[in-house]
Amino acid sequence: ATAARAPVPRAAARSRRDGAPKISARTRQPRENKRATLLTAAAPPEGPEGATAAPAPERPSASAPTPDAANNVIDSAAAATAQPPPTPKVAKPQDADPNSSKATKSRAAQYMRELINRQVKNNKLSRAGSLADSTVLRRKGRLKEQDPFIEFIISLFKTHETEEALAKAERWLADALAMPPNKRRFANIYFQVPKLGYFFHPLPLRQALAEYDEFCALTKRKYVKPNFAEVRHVVNIAQVHASAKEVKLVTFDADGTLYADGKHFEEDNQMIDKIIQLMEIGVHVAIVTAAGYPGDSKKFEGRLRGLLDSFKENELTPETRKRFSVMGGECNYLLEVNENFELEFVDPAVWRDQPSTKNLYWYAQGEAKTKVEAFLDRAEQFLKDEAEHLELDYEVMRKEFAVGILPQSSTVYENLEEISIGAMIELSDAEVPYCAFNGGNDVFVDVGNKNIGLQTLMNYLDLEGHQTLHVGDRFTSTGNDSRVRDACSILWVASPDETTFFMRLLYRDIVNARVL
């Protein structure tokens with residue numbers, strides 16, 4: 001039986017209400033100090049998590065204030081009035097020294113507290129925060145919560161305690177991965193979850209639950225079982241631990257993952273430091289996005305202006321600079337950073353038209369382009385017909401390998417979902433590989449998909465799926481990240497804040513793995 005806990009004083013349990021207004025967009029602040037060089041020579045002392053050594057302290061952010069003062073890209077446009085930028089706070093002792101007495105037992109618990117506090121502040125909640133408070137989840141609701149593996153774990157809660165359910169899922173997944181790939185479909189978990197998809201690593205779900213339990217006390221709750229967002233976080237933490245030992249490539253979706261939908265990479269984005277940290281320890285970073293601007297690298301640069309400016313200001317070495325790529329148009333354009341810290345297109349003959357990947361891009365070769373035009377004509381006609389049927393006021397955007405509709409007046413998310421699902425069904429017999437997806441503010445049909453993009457990028461860098469981790473927010477049936485599951489390991493996030501949270505964990509895990 002579980003020992004009864006000592007009662008917590010009511011005053012100590014009562015959470016403070018934060019009535020501070022949201023921080024509006026800030027003007028650019030000069031940076032006085034260059035980023036400190038990553039220290040890897042000396043091994044850090046043994047950390048508070050048993051045998052796991054604590055990595056070198058995270059460097060002070062040169063591009064964003066501390067999490068308590070940082071301006072979240074989500075909802076920043078909704079701030080009522082502009083306010084002067086806050087003075088960056090000095091890092092707390094427990095952040096600088098993971099072995100201090102004030103440090104939490106688990107980095108996951110510490111980072112999760114910061115994530116929840118940001119959601120409370122950004123959403124101006126006058127109650128305790130919840131993992132389901134993400135602006136994206138609140139706006140899109142149940143339509144964003146679709147995942148066979150997570151739903152399977154949640155179903156186990158009906159007959160199992162929380163620890164038992166996660167232990168069973170971990171064991172069954174490990175049993176499947178121990179089988180030859182061509183026989184895994186006969187594993188028990190695939191009988192239970194036919195649409196499970198491909199996994200590249202066993203997941204330490206029990207370890208992740210123990211870390212997460214320090215903050216959310218999932219295993220101590222009797223009447224309220226873990227919800228979808230909580231299980232998703234546990235699975236993500238387990239994936240971070242599993243991938244950290246051999247990850248060489250981390251790819252990100254853009255909108256909703258690195259910055260808010262329809263926004264750009266601003267200079268105060270928290271992810272700038274995380275991306276540079278990963279690049280400096282030898283991890284290749286790429287942004288894989290649906291946005292495509294054929295022949296116009298400046299438009300790509302405009303979306304990533306804050307990040308590229310930070311590369312330049314921190315004087316990244318040529319070796320580090322080459323560890324960044326952009327895959328645009330799902331899979332149709334590859335860009336890299338040149339010596340002037342500008343994006344430039346890579347010749348398709350170098351990365352696309354290789355013997356191992358040329359067959360994936362048959363649609364971009366010679367006479368096949370007529371099939372692409374016919375496909376886009378068909379897709380455009382369907383999108384227009386469906387939009388008129390739903391009485392939407394819209395505009396059509398046509399590109400080299402994409403066509404989409406952009407509502408010009410307010411509509412509901414479910415209508416966009418209806419159009420995207422209809423497009424998937426209508427075009428299901430198409431010869432051309434495509435991706436029809438709900439972008440949150442629009443619906444697009446792209447020629448190609450991110451699965452092709454990831455396969456091609458991994459081939460270009462001579463990497464494999466178990467060495468790659470993709471972070472995105474669109475893994476539902478109508479999301480353009482869903483096809484990536486078969487190419488590499490994935491992290492499903494609901495906001496840029498969550499992306500930062502998991503990248504902090506990943507960076508520390510990678511450094512720990514190399515030290516040990």
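Mentor: One term before we start: two strands pair if DSSP finds at least two bridges between them. With that in hand, β2 and strand β3 (residues 324-328) run parallel and are joined by four bridges. Keep in mind that this is a predicted model.

Trainee: Okay, and which residue in β3 is the bridge partner of Ala286?
Mentor: That's Ser325.

Trainee: Let me zoom out. How many helices and strands are there in the chain?
Mentor: The chain has 18 helices and eleven strands.

Trainee: And what share of the residues is buried?
Mentor: Of the 516 residues in the chain, 54% are buried. As for contacts between residues at least 6 apart in sequence, 69% of them join residues at least 24 apart.

Trainee: Back to β2 and β3. What order do the strands of their sheet come in?
Mentor: The order is β5-β4-β3-β2-β1-β10-β11, an open sheet of seven strands with mixed pairing. On average, neighbouring strands here are turned by 25 degrees against each other, if you ignore direction.

Trainee: Which helix packs on that sheet, and which strands does it touch?
Mentor: α9 packs on the sheet and touches β10 (468-472) and β11. The direction of α9 makes about 145 degrees with that of β11.

Trainee: How does α9 sit against α8, then?
Mentor: Helix α8 (residues 205-216) and helix α9 (residues 228-243) have axes that come within 8 Å and cross at roughly 125 degrees. That angle is why α8 counts as oblique to α9. The crossing of α8 and α9 is right-handed.

Trainee: Which residues meet there?
Mentor: On the α8 side they include Leu205, Leu209 and Tyr212, and on the α9 side they include His233, Val234 and Ile237. Taken by class, the residues of the α8 contact with α9 are nine nonpolar, three polar and two charged.

Trainee: Now a different helix pair. At what angle do α5 and α6 pack?
Mentor: Helix α5 (residues 148-156) and helix α6 (residues 162-177) pack at about 135 degrees, and their axes are 9 Å apart. So α5 is oblique to α6. The crossing of α5 and α6 is right-handed.

Trainee: What makes the contact?
Mentor: From α5 you have Phe149, Phe152, Ile153 and Leu156. From α6 there are Ala165, Leu166, Lys168, Ala169, Trp172 and Leu173. The contact of α5 with α6 has nine nonpolar residues, no polar ones and one charged one.

Trainee: Switching topic: what's the strand order in the sheet of four strands?
Mentor: That open sheet runs β6-β7-β9-β8, with antiparallel pairing. Its edge strands are β6 and β8 (434-438), each pairing on one side only. Neighbouring strands in this sheet are turned by 15 degrees against each other on average, direction ignored.

Trainee: Which helices pack on it?
Mentor: One is helix α15 (residues 369-389), which touches β6, β7, β8 and β9 (443-447). The direction of α15 makes about 170 degrees with that of β6. Helix α16 (residues 413-426) also packs on the sheet, touching β7, β8 and β9, and its direction makes about 165 degrees with that of β8.

Trainee: How are β6 and β7 joined?
Mentor: A hairpin of three residues links β6 to β7. Strand β6 (residues 394-398) and strand β7 (residues 402-407) pair in the antiparallel sense over five bridges. Val396 has Ile405 in β7 as its bridge partner, and Met397 stands opposite Gly404 in β7.

Trainee: Where do side chains point in a strand, by the way?
Mentor: In a regular strand they alternate between the two faces of the sheet.

Trainee: Last one: I clicked on Gly292. Where is that, and is Gly292 buried or exposed?
Mentor: Gly292 is in the loop between β2 (284-288) and α11 (297-303). Gly292 counts as buried because its relative accessibility is 6%, and the cut-off for buried is under 20%.

Trainee: What does Gly292 contact, leaving aside neighbours within four places in sequence?
Mentor: Phe300, Gly329, Tyr333 and Lys399. Tyr333 is 41 residues from Gly292 along the chain, and their C-alpha atoms are separated by 7.3 Å.

Note on methods. Residues numbered from 1 in each chain as written. Predicted model: local features only at pLDDT ≥ 70, side-chain atom pairs only at ≥ 80, totals over all residues. Heavy atoms only, no water. Helix = DSSP H or I, 4+ residues; strand = E, 2+ residues; numbered from the N terminus. Buried < 20%, exposed > 50% of the residue type's maximum accessible area, 1.4 Å probe, protein only. Contact = heavy atoms within 4.5 Å. Axes fitted to C-alpha atoms, helices over the stretch in contact; angles between N-to-C directions. Parallel < 35°, antiparallel > 145°, perpendicular 65-115°, else oblique. Left-handed = near helix turned anticlockwise from the far one by under 90°. Nonpolar A, V, L, I, M, F, W, Y, C, P; charged D, E, K, R; others polar.
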